[in-house]
Amino acid sequence: MFVVAGESLIDLVPQENGTPLPLLLPRPGGGPYNTAIALGRLGEPVAFCSRVSTDGFGEALLAGLRRAGVDTSLVQRGPEPTTLAVAAIGSDGSAGYGFYTEGSADRLFELPHALPETVRALALGTCSLVLEPGASAYEALLRREAGRGVFTLLDPNIRAVLIPDADAYRARCAGWLPYVSLLKLSEDDATWLGGVPEGPAAVVLTRGGSGLTVRTRSGLEVSVPAAPVTVADTIGAGDTVNAALLHGLSERDALSPEGLSSLDAAAWTEVLTLAARAAAVTCSRTGAEPPYAAELEL
């Protein structure tokens with residue numbers, strides 16, 4: 001089983017760009033939520049670990065997880081409202097966000113008891129690592145599970161608008177790296193952090209229309225081009241990459257630092273190409289709608 005831990009929220013996606021008050025369509029979202037959905041759609045056994053509101057949006061989020069085959073037994077519930085993210089779509093399909101997070105349910109996540117022994121990998125990232133008091137609980141989860149040998153994927157997915165002290169957060173990110181097996185960064189993330197960090201067994205850098213690159217601790221570097229696509233928007237593309245990477249590594253029995261180090265250039269090319277294809281499908285659709293396995297001919 002995979003476990004994805006972090007926030008779920010509602011993306012309010014504009015239906016028409018360039019107007020002062022566009023019609024906003026509510027869509028399920030949040031980086032970890034999207035990653036869990038994508039893993040479920042790829043046919044992987046996956047559980048979502050978070051705190052979700054009991055409001056109508058929260059019920060819709062849980063329904064989306066269940067439709068994708070995601071186990072919700074690790075989800076905590078609370079009466080606080082669901083976090084909202086208002087998206088602004090650029091002319092190239094890129095998305096920026098404004099967040100409404102004060103007093104929301106996902107911020108009150110508490111460290112769960114030990115995860116099931118069947119857990120093969122834990123994925124974390126995005127807003128959940130910023131917003132206290134839940135951020136400290138997610139950090140404790142990362143450290144605890146890595147300490148017992150669980151493979152970990154971290155996607156910081158930096159949302160600078162939510163980070164009051166950039167230097168303090170950069171230092172905090174650096175403190176997580178010894179507990180991270182695979183680090184996934186966008187080019188924007190790497191720039192904000194001051195470069196591509198070292199420490200994890202492998203770092204995958206997403207470069208938008210220029211493709212993906214992996215750099216391993218052993219010195220291997222492999223790049224693949226982006227898959228051709230007409231972009232509707234980029235919402236959920238990076239989250240889909242997370243899921244495709246985990247799926248591809250699982251298929252190669254490489255969910256360990258040693259497994260990552262054992263992959264050669266040809267194997268990494270296959271894994272990254274799968275991730276690029278999956279992200280392209282997501283980019284071709286409005287909102288975070290990752291592909292099903294059948295769409296990738298898996």
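Predicted model: local features only at pLDDT ≥ 70, side-chain atom pairs only at ≥ 80, totals over all residues.
**Inside E12**
- Strand E12 spans residues 202-206.
- Of its 5 residues, 5 are buried, so E12 is largely enclosed by the rest of the structure.
- In a regular strand, side chains alternate between the two faces of the sheet.

**The parallel partner, E11**
- Strand E11 covers residues 182-186.
- E11 and E12 run parallel and are joined by 5 bridges.
- Leu185 has Leu205 of E12 as its bridge partner.
- Helix H5, residues 187-193, belongs with these two strands: E11, H5 and E12 form a right-handed β-α-β unit.

**The antiparallel partner, E13**
- E12 pairs with E13 over 5 bridges, in the antiparallel sense.
- Thr206 stands opposite Leu212 of E13.
- E12 and E13 make a hairpin with 5 residues between the strands.
- In this hairpin, Gly208 takes a positive phi near 60 degrees.

**Thr216 in E13**
- Where does Thr216 lie? Thr216 is in strand E13, which spans residues 212-216.
- Is Thr216 buried or exposed? Thr216 is buried, because its relative accessible area is 10%, under the 20% cut-off.
- The side chain of Thr216 makes a polar contact with the side chain of Ser218, at 2.9 Å.
- Leaving aside residues up to four places away in sequence, Thr216 touches Ala201, Ala202 and Trp268.

Key: Residues numbered from 1 in each chain as written. Heavy atoms only, no water. Helix = DSSP H or I, 4+ residues; strand = E, 2+ residues; numbered from the N terminus. Buried < 20%, exposed > 50% of the residue type's maximum accessible area, 1.4 Å probe, protein only. Polar contact = N/O pair within 3.5 Å; in protein donor to acceptor, adjacent residues only side chain to side chain. Contact = heavy atoms within 4.5 Å. Pairing = 2+ DSSP bridges. Right-handed = clockwise from strand over helix to strand, strands pointing away.
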